[in-house]
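Open the model in your viewer and keep the selection tool ready. Each stop below says what to select and what is found there.

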Amino acid sequence: MKVEVIIRDKKKKITLPDNSRMKSLLEKINAKEEEYVFSRNGKIVLSDEKLKEGDKIKLFPVISGG
Amino acid sequence: MIKVKCSLCNKKAVIELKYANKKLCEKHFTLFYEKRVRRTIVKNSMLRRKDKVAVGVSGGKDSLVLLYLLHKMRYNVEAVLIDEGIKGYRDKTIPYVEKLCKELNIPLHVFSFKEEYGKTLNETVKKRKRPACSYCGVFRRSLLNKAARRINADKLAIGHNLDDETQMILMNFTRSELLRLARAGPVVGIVEDDRFVQRIKPLRECSEKENVLYALLTGIKYSDVECPYAGEAFRSTVRECLNMMEEKHPGTKLGILHSFDKLLPILKEHFQEVGEVNACKVCGEPTSGEICKSCQMKKEIT
């Protein structure tokens, strides 16, 4: 399945095995769980969340740079 | 689909607070977060109801959450913003501050390096002898104090979070800068001297992640543009180290902060600073020596 990932206005499509969870997506894109808050289709979710084809995932970076 | 439930109700959890052994939904996290900030303010006697509070804002999540929350708690707040003149950074964060201030009807005061020191940070670093953050830190702190005084504020609230605080503690501890530690803490500044506006840190027990979540849940729009000068190598190492420890041993950061708070009275007593606070011979601002750090640096860059 494919999901859309948005980090700081940059979008990319990521392919994952069906029934993957948010955790697998984070691993795939090499993002540390503690460094992001994430939403699935506009709702904040935990890393246990199961993802579906076409989901829009937004990652909000936690570390501020300034 | 299995949903992870809030520890306090049947709703879906949006955050896991391992250190508190809790998973919380939107509503219960918001209540938990606000209660903790209120407790930090009360526990450290940070504010009195009659106080006028200058809130140092940057446009980032921490300072805007702080502004929003103190306003929600019905404190008399005004926002102060320091424009360092960092092209591509500060000009992008200012609109977020303006937007929130307008929405909440909070006065906003902007003070710039250019006006105060004659140069923007971009211009300063062209002639620099030190890292940009050294100049910026000193100028910012000094200007924030002046700004708070100019608007007749009783307190200056800044958005330092749990991560900032524990990084500062560990960095100073590692470098054996105990005098700096003795000058830190939840409330900073000399009460007896009118030239100092006491600085308070109401978010010091809230992690960066909790601040981001609170901002998202309450609809606060903030800038996450990175400062081009950010990235002190030692701080990054300390941050990584603390994050790793927190992950493996939840509660590490709060433990460090609370241990520091317990040690603080001892440190303050040990480092009791002798002598009076002088007026800087150049600008008149308070200083422990003859010329304040800010004027010394200003001289370096002219």
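Select strand 1 and strand 5 (residues 56-61) of chain A: these two strands pair in the parallel sense, over 4 bridges. The model is a predicted one. To see one of the pairings, pick A:Glu4, whose bridge partner in strand 5 of chain A is A:Lys56.

Pick A:Lys2 and look across to strand 2 of chain A, where A:Thr15 stands opposite.

Now go to the turn. Strands 1 and 2 of chain A form a hairpin, with 2 residues between the strands. Select A:Arg8 in this turn: its phi is positive, at about 45 degrees.

How many helices and strands does chain A have? There are 1 helix and 5 strands. Follow the chain from the N terminus, and the elements come in the order β-β-α-β-β-β. The radius of gyration of chain A is 11 Å, close to the 11 Å given by the globule rule for 66 residues, so chain A is as compact as a globular protein of that length. Along the principal axes, the C-alpha atoms of chain A fill a box of roughly 40 × 20 × 20 Å.

Of its 66 residues, 27% are buried. Among the contacts in chain A with a separation of 6 or more, 49% are between residues 24 or more positions apart.

Then display both chains and look at where they touch. The contact takes 14 residues from chain A and 21 residues from chain B. On the side of chain A that touches chain B, 7 residues are nonpolar, 3 are polar and 4 are charged.

Finish in chain B. Select B:Val55, B:Leu64 and B:Leu67: within the largest nonpolar core, which has 76 residues, these touch the most other members. Centre the view on B:Val55. Leaving out residues up to four places away in sequence, B:Val55 touches B:Ser63, B:Leu66, B:Leu67, B:Leu70, B:Val77, B:Ala79, B:Val80 and B:Ala157. Another core, of 7 residues, lies apart from the largest one; select B:Leu170, B:Leu181, B:Ala182 and B:Ile256, which are among its members.

Note on methods:
Residues are numbered from 1 along each chain as its sequence is written. Chains are lettered from A and ligands numbered from 1 in the order in which they are written. This is a predicted model: local features need pLDDT of at least 70, side-chain atom pairs count only at pLDDT 80 or more; totals for chains, interfaces and linings use all residues. Two strands pair if DSSP finds at least two bridges between them. A nonpolar core is a set of buried Ala, Val, Leu, Ile, Met, Phe, Trp, Tyr and Cys residues joined through C-beta atoms within 7 Å. A residue is buried if 20 or more other C-beta atoms lie within 10 Å of its own, exposed if 12 or fewer, and partly exposed in between; C-beta atoms are placed from the backbone. Two residues are in contact if their C-beta atoms, placed from the backbone, lie within 7 Å. Ala, Val, Leu, Ile, Met, Phe, Trp, Tyr, Cys and Pro count as nonpolar, Asp, Glu, Lys and Arg as charged, and the others, Gly among them, as polar. The radius of gyration is taken over C-alpha atoms; the globule rule is 2.2 Å times the number of residues to the power 0.38.
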